[in-house]
Amino acid sequence: REHPQWRRWETQHRDALEAHVSVLLSVCDALEYAHKKRIVHRDIKPDNVMIGPFGEVYLLDWGIALDLDAPAPSSDGSIFGTPAYMPPELVDAESGASGPWTDVYLLGSSLYEALEGRPPHHAPTLVEALLSAYMSSPPTFSRDPPASLAALCAAAMRRAPDERTESVAAFAAALREWLVHRDSLASSSLGDASLAALDARGPDRPDELALALDARLAFERALRLWPENARAEAGLVRALRSMFLAEIARHNATGARALLDELASREAALAEDREALADLEAKESAARAEAERAKEAQRQLDLSGWRGPRVWLFAVVTLVSALAATSIARAPTPSFVELVRADVAVIAVILGAIAIFRRRITANRIGRQLAAVLVLCALASATIDVFGLWLRWPLIWASTHRLIAIGAVLSFAGLMGLRALFVSAAIAGAGAVTVLLFPDRQVTITPAVLLSINVVTGWLVASGRVRSTDAIE
């Protein structure tokens, strides 16, 4: 940082790393020229690079350079070069002969120092440095450098010469690509980090979708900056597939279908992806059909449609029943003829009310059941009076049988699922017993019990207590 050229370089480049790469590119230009002349430097390192007063770059110290066209020099076992940077073939000739690949390795070593801040074979002793150079293990990084530069560094510093970056020109091309596309490559690195975090999760992976979405956004940004970024394209496909699998796991067929379409547009949809989606859509379709059946079944057991009609229906029936009971009670000698007339009036009112509100009352099963119970109770009462008139029963028999018949209808309705009507059935049974205990008061007791049954039943319906046991389940 004390170098006088730093002020110039910092104004011309985004950061120190970009400045280092720019200098290294000038070194590559010098080496490309030298290699065309069949000259190999063999001692490239930052100390042998000089920055001139106008930003010019010089590659110094060609003292151990090798002329590939000259006769091979005899070896006396001496080691040439700088151990902290040198490739294995300079440590031991049996590792391979020197050549352009040697300078490629040394470029990788110089790049390593630019990235990590120290030479690749930095060691406390010369022997340890030479051993590190001879082994040339893959370089490791602690500063989290750009992935593409770290990969280039590792490729250039491979131990086997034929496995290294193929030439100085290829090394320089990778550096230029990073300079031009560093933002796109940085976004690709962010996407790779999200995918790595995703792969490191356990099998449940609760945040799988969030991590995959982070990766997708990073790769999409990288492709916007550089559409030819093959690394970002491959990463985006991985991210999309991870999101697809996450949506499958969440049973979200709509989201999975959209992601599969995106994969298909990139020619990356797999047969197993289509099978997984088809299986999920089939399950969702079956679940929707089952939900519709359940909804329809519940609708059939719902009395909400009676919210208005049920109040009016029972209010009218109660009023008519009260008027009929009052008329009969005030008669000097009540007869079956008057009772039949009252039954007919009540039946007519019930049927008329049902006819008026038929669309809402008979719209589902429970409504039809309740309407049937009302009609059956009225018909039971009328039947008893008709039989009493025909068979000339005593009036007390008619009163008792009427309440028993109505109680039987209400009990049957309770057994069929409308359990709340057991309360009304109990009132009818208690009324029948009361009539038997006080026969001389039957003319007042029976109408009072009938009115109580009607009022209680109306309240049970209006308050929503009358509902099917199937609906409760």
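A residue is called buried when its relative accessible area is under 20%, exposed when over 50%, and partly exposed in between, using a 1.4 Å probe and protein chains only. C153 counts as buried because its relative accessibility is 0%. C377 is buried too, with a relative accessible area of 12%. The structure holds 0 disulfides, a disulfide being a pair of cysteine sulfur atoms within 2.5 Å.

A word on the model itself: it is predicted, and local features need pLDDT of at least 70. Residues are numbered from 1 along each chain as its sequence is written.

Now turn to helix α4, residues 100–116. Helices here are DSSP runs of H or I with at least four residues, numbered from the N terminus. From first C-alpha to last, the 17 residues of α4 reach 24 Å, close to the 24 Å expected at 1.5 Å a residue; that expected span is 1.5 Å times one less than the number of residues. Because 13 of its 17 residues are buried, α4 is largely enclosed by the rest of the structure. After α4 comes G117, with a positive phi near 85 degrees.

Next, look at a pair of helices. The axes of α8 (residues 208–225) and α9 (residues 230–249) come within 8 Å and cross at roughly 155 degrees; axes are lines fitted to C-alpha atoms over the stretch in contact, with angles from 0 to 180 degrees between N-to-C directions. That makes α8 roughly antiparallel to α9, a label for angles over 145 degrees. Residues in this contact (heavy atoms within 4.5 Å) include L209, L213 and F219 of α8 and L236, L240 and M243 of α9.

Terms used
Predicted model: local features only at pLDDT ≥ 70, side-chain atom pairs only at ≥ 80, totals over all residues. Heavy atoms only, no water. Helix = DSSP H or I, 4+ residues; strand = E, 2+ residues; numbered from the N terminus. Parallel < 35°, antiparallel > 145°, perpendicular 65-115°, else oblique.
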